[in-house]
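Biologist: Let us go through this model term by term. I will ask what each label rests on.

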Amino acid sequence: MRINRSREHLADEVLVAYLDGEMSKARMRAIRAHLNLCWKCRSALAELETAAEDASRLLAERSKDEIDRSLQARERFLRWRAAFEADQKFFFKCHPHDWVVAGCVLA
Ligand SMILES: [Zn+2]
């Protein structure tokens, strides 16, 4: 991929790598030099920047939703468990006699 000739426009992946800073300082300088001369690549870079911001915002929102969902699931489980344990206590405290009676009726 050649980026040091200012007549060649920069490919999207080059611009993305430039945004991420994933290249040598010499390449960054060459790209900056091209961007200074070329409005077409500058506007492409601006578009990519906006797209990257949108994508990271969407990702952040989605992971927040997922956290909310798992918290809700945990709460539902804890409520269910508390209700279950309360039922059990209720059952053992108040119903042994009824069960004996029921056992007698069935026998
Ligand atoms: Zn260009």
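Biologist: What average pLDDT does the protein have, and what share of the residues score at least 70?

Modeller: The protein averages 83, and 77% of the residues score at least 70. pLDDT is the predictor's confidence in each residue, from 0 to 100. This is a predicted model, in which local features need pLDDT of at least 70, side-chain atom pairs count only at pLDDT 80 or more, and totals for chains, interfaces and linings use all residues. Residues are numbered from 1 along each chain as its sequence is written.

Biologist: Where is confidence lowest, and where is it highest?

Modeller: Lowest in helix α4 (residues 96-106), with a mean of 57. Highest in α2, at 95.

Biologist: What makes the pattern of the protein α-α-α-α?

Modeller: The protein has four helices and zero strands. Helices (H or I, at least four residues) and strands (E, at least two) are DSSP runs, numbered from the N terminus. Read along the sequence, that gives α-α-α-α.

Biologist: Why is Glu-13 called exposed?

Modeller: Glu-13 is found in helix α1. A residue is buried if 20 or more other C-beta atoms lie within 10 Å of its own, exposed if 12 or fewer, and partly exposed in between; C-beta atoms are placed from the backbone. Glu-13 has 10 other C-beta atoms within 10 Å, so Glu-13 is exposed.

Biologist: Which residues of α1 are buried?

Modeller: Val-14, Leu-15 and Tyr-18. They cover an arc of only 100° around the axis, so they sit on the same side of α1. The arc is that of the directions from the helix axis to the C-beta atoms. On the other side of α1, Glu-13, Leu-19 and Asp-20 are exposed.

Biologist: Why do residues three or four places apart point the same way in an α-helix?

Modeller: Because an α-helix has 3.6 residues a turn.

Biologist: How do you know that the span of α2 is close to the expected one?

Modeller: The expected span is 1.5 Å times one less than the number of residues. α2 has 13 residues, with 18 Å expected. From first C-alpha to last, α2 reaches 19 Å.

Biologist: What puts the buried residues of α2 on the same side?

Modeller: Ala-30, Ile-31 and His-34 are the buried residues of α2. Their arc around the axis is only 95°, which puts them on the same side of α2. The face turned away carries exposed Lys-25, Arg-29, Arg-32 and Asn-36.

Biologist: Which residues form the largest nonpolar core?

Modeller: Eight residues: Leu-10, Val-14, Leu-15, Tyr-18, Ala-30, Ile-31, Cys-41 and Leu-45. A nonpolar core is a set of buried Ala, Val, Leu, Ile, Met, Phe, Trp, Tyr and Cys residues joined through C-beta atoms within 7 Å. α1 (12-20), α2 (25-37) and α3 (39-94) each supply at least two residues of this core. The largest share, three residues, comes from α1.

Biologist: Which residues are in contact with Leu-15, leaving aside its neighbours within four places in sequence?

Modeller: Leu-10, Ala-44, Leu-45 and Leu-48. Two residues are in contact if their C-beta atoms, placed from the backbone, lie within 7 Å.
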